[in-house]
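Please open the structure in your viewer and keep the selection panel at hand.

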Amino acid sequence: MNFKKVLFSKWTRWIVSLSLLTLLLFITDISLLLENIALAKLHWLTAAVFFTLFLTAFGAVKWWFLMPRSRTGPMSFVRVNFISNFVGMFIPGIVGIEAARIAGITRSSKDLAATVASVLVDRLFGLFSLGLVVAIGGVTAREIVPPLVTLGCATLLVAILAGTFLLMSHTFRRLLERLLPEKIFSQLNKLFECLDLYRNRKHLLAGSLLLSVTFQLLRVGLVVMLCKSLGIAVALTYLLIVVPVALFVQMLPISVFGIGIRESAMITLLAVAGVSTESAFALSILLMAVQIISVLPGGIWMAMGQRLNIPEQP
């Protein structure tokens with residue numbers, strides 16, 4: 001039996017999501033949970049929905065920024081980003097989303113190598129910026145998090161900055177080539193080759209990293225809106241930790257659309273700030289709701305006949 005295939009099968013994802021959801025419902029006052037959702041302020045919810053749509057468009061422009069020589073305009077990136085996010089609802093993790101993004105832009109740009117490189121660098125910077133925001137939150141939210149967590153976040157911040165430098169260092173790469181097994185290094189070298197396409201475009205990389213950090217901060221802003229809707233009072237500095245962690249675990253290919261995993265993370269982390277299980281659960285449900293609404297334009301585009309087929313390369 002292929003353990004990896006079983007671990008990431010759709011049945012395993014459903015079991016994980018339903019098991020965690022059942023456990024959370026068991027420890028939750030369901031009537032209070034429903035009351036929290038029913039009393040959510042509609043104007044903040046409406047603002048959150050439109051802000052989520054803006055975030056999807058912003059994410060597309062952030063990606064387009066990495067392809068300055070592309071003949072494809074930014075609106076094509078926006079369209080593809082919406083469609084790929086819609087496709088990603090039905091495929092676990094980020095693999096399906098990235099495959100759809102590559103297919104959609106390659107169809108119009110006819111440059112598969114540049115598209116793959118831009119997607120990989122965009123994802124790499126996305127992970128870097130997630131870690132960076134968490135590190136900043138851990139350092140600044142000292143009144144909430146334990147000192148050990150603050151120290152760990154400060155260490156993470158230094159590690160991210162050092163890692164960014166090392167990834168572009170040929171000396172570091174040669175060291176890895178000597179230390180790592182050939183099979184592992186060959187896979188890692190594909191990432192290095194993508195980064196090398198931007199070696200002489202340091203201003204482009206710096207701008208892209210800045211856009212990635214801005215994107216993560218805007219996602220925190222989305223959760224602030226939802227907190228306002230539910231009347232949840234949490235320090236902004238602590239949300240810099242909660243939101244990136246919850247969104248990261250949501251991307252892991254071990255559940256259905258992050259259901260159960262996301263809620264567990266939100267409830268656990270917000271409990272440290274004194275937020276009740278019911279309020280944190282309601283926040284997670286509303287976050288999932290606006291995320292689902294935000295991908296619907298992608299479904300509409302697909303229904304209108306927009307396709308993401310990769311063209312044959314000459």
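Predicted model: local features only at pLDDT ≥ 70, side-chain atom pairs only at ≥ 80, totals over all residues.

Select phenylalanine 77, which is found in helix H5 (residues 74-88); helices here are DSSP runs of H or I with at least four residues, strands are runs of E with at least two, and both are numbered from the N terminus. Phenylalanine 77 is buried, with a relative accessible area of 0%. The term buried means under 20% relative accessible area, exposed means over 50%, and partly exposed lies in between, with a 1.4 Å probe and protein chains only.

Residues are numbered from 1 along each chain as its sequence is written, and side-chain values use heavy atoms, with hydrogens and water left out.

Next, select threonine 56, which is found in helix H4. Threonine 56 is buried, with a relative accessible area of 8%. Which residues is threonine 56 in contact with, leaving aside its neighbours within four places in sequence? They are Asn81, Phe82, Asn85 and Ser294, where contact means heavy atoms within 4.5 Å.

Remain in helix H4 (residues 42-64) and select lysine 62, together with aspartate 122 in helix H7 (residues 112-140). Because the partners lie in H4 and H7, the pair ties together parts that are 60 residues apart in sequence. Lysine 62 is buried, with a relative accessible area of 6%, and aspartate 122 is buried as well, at 5%.

The structure holds two salt bridges. For the other, select arginine 262 and glutamate 263, whose closest N and O atoms are 3.2 Å apart. Both of these residues are buried.

Now display helix H11 (residues 202-230) and helix H12 (residues 236-251), whose axes come within 9 Å and cross at roughly 105°. Axes are lines fitted to C-alpha atoms, for helices over the stretch in contact, and angles run from 0 to 180 degrees between N-to-C directions. H11 and H12 are therefore roughly perpendicular to each other, a term for angles of 65 to 115 degrees. To see the contact, select Leu217, Arg219, Val220, Val223, Val224 and Cys227 of H11 and Leu236, Leu239, Leu240, Val243 and Leu247 of H12. By class, this contact has 10 nonpolar, no polar and one charged residues. Ala, Val, Leu, Ile, Met, Phe, Trp, Tyr, Cys and Pro count as nonpolar, Asp, Glu, Lys and Arg as charged, and the others, Gly among them, as polar.

Finally, display the whole protein chain, which has 14 helices and zero strands. Of its 314 residues, 46% count as buried.

Conventions
Parallel < 35°, antiparallel > 145°, perpendicular 65-115°, else oblique. Salt bridge = Lys/Arg side-chain N within 4 Å of Asp/Glu carboxyl O.
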